[in-house]
Amino acid sequence: MTTEQIALLRADLERARFTVDAMDALWGEAAAAALHRGQRVPAMRALLAPAPGDEALATLASLFVLGLPVDAVRAGAALPTLGVQGAADLELVRRDGDVVVALLDLRPYSFVDSLGVVSWWIASDLGELSIVGALREDHVLGVGGASTTLSGIMIGTRVETALDLGTGCGIQAMHAARHALRVVATDISSRAIQIAGFNAALNGIPNIEFRLGSLFDPVADERFGHIVSNPPFVITPRVAGVPAYEYRDGGLVGDALVASVIAGAADHLQPGGVAQLLGNWEYRGDEDGLERVGAWVDATGLDAWVVEREVQDAALYAETWIRDGGTRPGAEFDRLYGAWLDDFEARGVTRVGFGYLTLRRPAGERTLRRLERLGGPIGSGLGPHLAASLAAHDWQEALTDDELGRARLTVAGDVTEERHYWPGSQDPTVMTLRQGGGFGRSVPLDTALAALVGACDGELSVRAIAAAIAQLLEVDEAALLRELLPAVRELVVTGFLAV
Ligand SMILES: C[S@@+](CC[C@H](N)C(=O)[O-])C[C@H]1O[C@@H](n2cnc3c(N)ncnc32)[C@H](O)[C@@H]1O
C-alpha cells in the first residue's frame with residue numbers, strides 16, 4: 001500500500017460523493033433503516049437504476065457497503081484514478097473473472113463534534129451481510145453502536161497525548177486525534193493495527209502512532225492526558241468450542257477484563273488526566289452490579305463517574321452476543337446458549353450491566369464518586385456536557401456553604417419546568433424540572449426549590465433568594481438555606497444551574 005494509491009482512492013471517493021448523506025438519499029430512509037437491522041434487500045433494489053450522475057456512488061455502495069460482486073467495468077468506472085488494480089493492491093478488492101469482490105467493508109462515516117462537521121471513510125472487515133456463516137475470530141469490527149457511544153461521550157479538552165486501547169478500525173483514535181497533539185493506538189490484533197493505519201492515512205490524520213500488544217503492555221511507562229477504550233468487554237464462557245472473538249473478548253473470566261482495564265488506566269493517567277471506558281459488569285447473587293464497578297474504581301483512588309445505561313438478564317445477554325457472532329438460531333446456537341448459561345450459573349450471575357465510566361486522576365484528594373443509572377440517547381453534546389459537569393463539580397466542591405450562598409446562578413438555557421394540577425386546584429401537585437440537553441434529566445421540585453430555581457437569573461445571590469422565599473413561606477431563613485444548598489450543588493453539577 002502506498003501513500004500515493006491512498007490519495008488516488010480518496011480522490012475517487014470524493015468524486016463519487018461517497019458520503020453518508022448522498023448514500024442515504026440514494027436508497028432512501030426505509031432502506032437505510034433496513035440496513036441498520038442487517039437487511040440489504042431494500043438497498044439492493046434501490047441501486048438497480050441509479051439516477052444519472054449517481055452511477056459511481058451506486059457502484060461503490062454495492063461493492064463496499066452491501067458486499068455485492070460488481071462488474072469489473074463498472075468498478076473501474078467508479079474508481080477512475082485508482083483503478084481496479086490499485087484497489088486490489090490496497091487489498092480492498094479482488095478480481096474474480098469479470099467481477100470485482102470487496103475484501104473489506106468501506107463506508108462513509110460522519111459526525112459533529114465541538115470542532116465542527118466531519119466526514120470520513122472507515123474500512124473494516126466485511127460484516128455478516130457479506131459473508132456466509134459466523135465471523136472469523138480475528139474479525140476487525142466496523143463502527144457500531146458501542147463505538148458511537150464512546151465517541152459520543154468523548155471529552156474534547158485539548159491534551160498533549162491520548163491513548164486508545166483496543167483501537168480496532170481506529171475510530172476512537174481518529175476522534176481523539178482531533179483534540180490530542182499525539183495519539184497512541186494499541187491493539188492485540190495485527191490485522192486491526194493494519195486496518196486502523198489505513199483508515200488514518202485515508203482520512204489524512206497524521207498524529208496517531210499504532211502499536212501492537214496486549215492491554216497496557218505497549219505503553220508500559222507512559223502516562224496520558226486522555227485514555228479512551230471500548231475494550232473487548234463481552235463476557236464469554238471459557239470452554240472449548242466457544243469462539244473467542246478478538247474484537248469483543250479479552251480472554252478473561254466474567255467481567256475481569258473490565259476490572260483490569262480500569263486498574264491499568266489508573267496507572268497510566270497523568271494528574272488531571274481523564275479515562276473514558278465502556279464496560280459490562282456482572283450482577284452476582286445479591287450483589288448490585290453498579291456497586292461492583294464502584295468497588296473497582298474505589299480501589300484506584302480516581303475520581304469516578306459511572307453511568308449504567310442498561311441491564312440485560314443473563315439469557316438475553318447470551319442471545320445478543322451469540323447472534324452478534326453471526327450464529328443464527330439452530331442447534332449450534334442452542335449449544336452456545338447452554339455454554340453461556342452454564343458460565344453465568346457458575347458465578348451466580350443473574351444480570352449484566354452495560355455502561356461507561358469517566359475516571360480522573362485528581363490533583364489532590366478524590367472528590368467525585370457518582371454511580372448512576374441513566375438511559376436515553378447519546379447525542380454529540382454529551383462529551384461537552386460531561387466536561388462541563390466535571391468543571392462544575394470542581395467549582396462547587398471548592399466552595400464552602402457560605403461561599404456558595406454568595407454565588408449568583410442562572411438557569412441553563414435548555415431547562416424547562418413542568419407543573420401538574422388537580423382539576424380546579426390553584427396549586428400544583430407535581431413540579432418537575434426538565435433538561436433538554438445533556439442526559440435529559442428530570443428533577444422533582446418542592447415549592448422552595450422551584451421558587452429558588454425560578455429566581456436564578458444571575459442578579460441575586462442564592463442566599464438572597466432563599467431569604468425572600470423563607471419570608472414568603474414563613475420559615476426559618478438559615479434552616480431553609482441549609483436545606484436548599486445540597487440541591488443547589490446537585491443542580492450545578494448536573495447542568496441545570498450555571499455559574
Ligand atoms: C470492541 S473492539 C473496539 C474497537 C474500536 N476501538 C471501537 O470503538 O469501535 C475491542 C478491540 O480490542 C482489541 N483487543 C482484544 N483483546 C485485546 C487486548 N488484550 N489488548 C488490546 N486490545 C485488545 C480487539 O482486537 C478489538 O479491536
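**Close-up 1. Thr-186, a buried residue of the predicted model.** At a relative accessibility of 1%, Thr-186 counts as buried; the model shown is a predicted one. Thr-186 belongs to strand β7, which covers residues 180-187. Apart from neighbours within four places in sequence, the residues in contact with Thr-186 are Leu-163, Asp-164, Leu-165, Gly-166, Thr-167, Ile-193, Arg-211, Leu-215, Pro-218 and Val-219.

**Close-up 2. Polar atoms facing the ligand.** The side chain of Ser-147 places an N or O atom 2.7 Å from an oxygen atom of the ligand. For Gly-166, a backbone N or O atom is 2.8 Å from a nitrogen atom of the ligand. Asp-187 has a polar side-chain atom 2.6 Å from an oxygen atom of the ligand. The ligand taken alone exposes 590 Å², of which the protein buries 95%.

**Close-up 3. Trp-340 in helix α13.** Helix α13 runs over residues 331-346 and contains Trp-340. With a relative accessibility of 1%, Trp-340 counts as buried. Its contacts, leaving aside neighbours within four places in sequence, are Ile-235, Thr-236, Pro-237, Val-242, Arg-248, Tyr-317, Ala-318, Trp-321 and Ile-322. Between Trp-340 and Gly-272 there is a separation of 68 residues in sequence and, from C-alpha to C-alpha, of 40 Å in space.

Methods:
Residues numbered from 1 in each chain as written. Predicted model: local features only at pLDDT ≥ 70, side-chain atom pairs only at ≥ 80, totals over all residues. Heavy atoms only, no water. Polar contact = N/O pair within 3.5 Å; in protein donor to acceptor, adjacent residues only side chain to side chain. Areas by Shrake-Rupley, 256 points an atom, 1.4 Å probe, with all protein chains shown as cover. Helix = DSSP H or I, 4+ residues; strand = E, 2+ residues; numbered from the N terminus. Buried < 20%, exposed > 50% of the residue type's maximum accessible area, 1.4 Å probe, protein only. Contact = heavy atoms within 4.5 Å.
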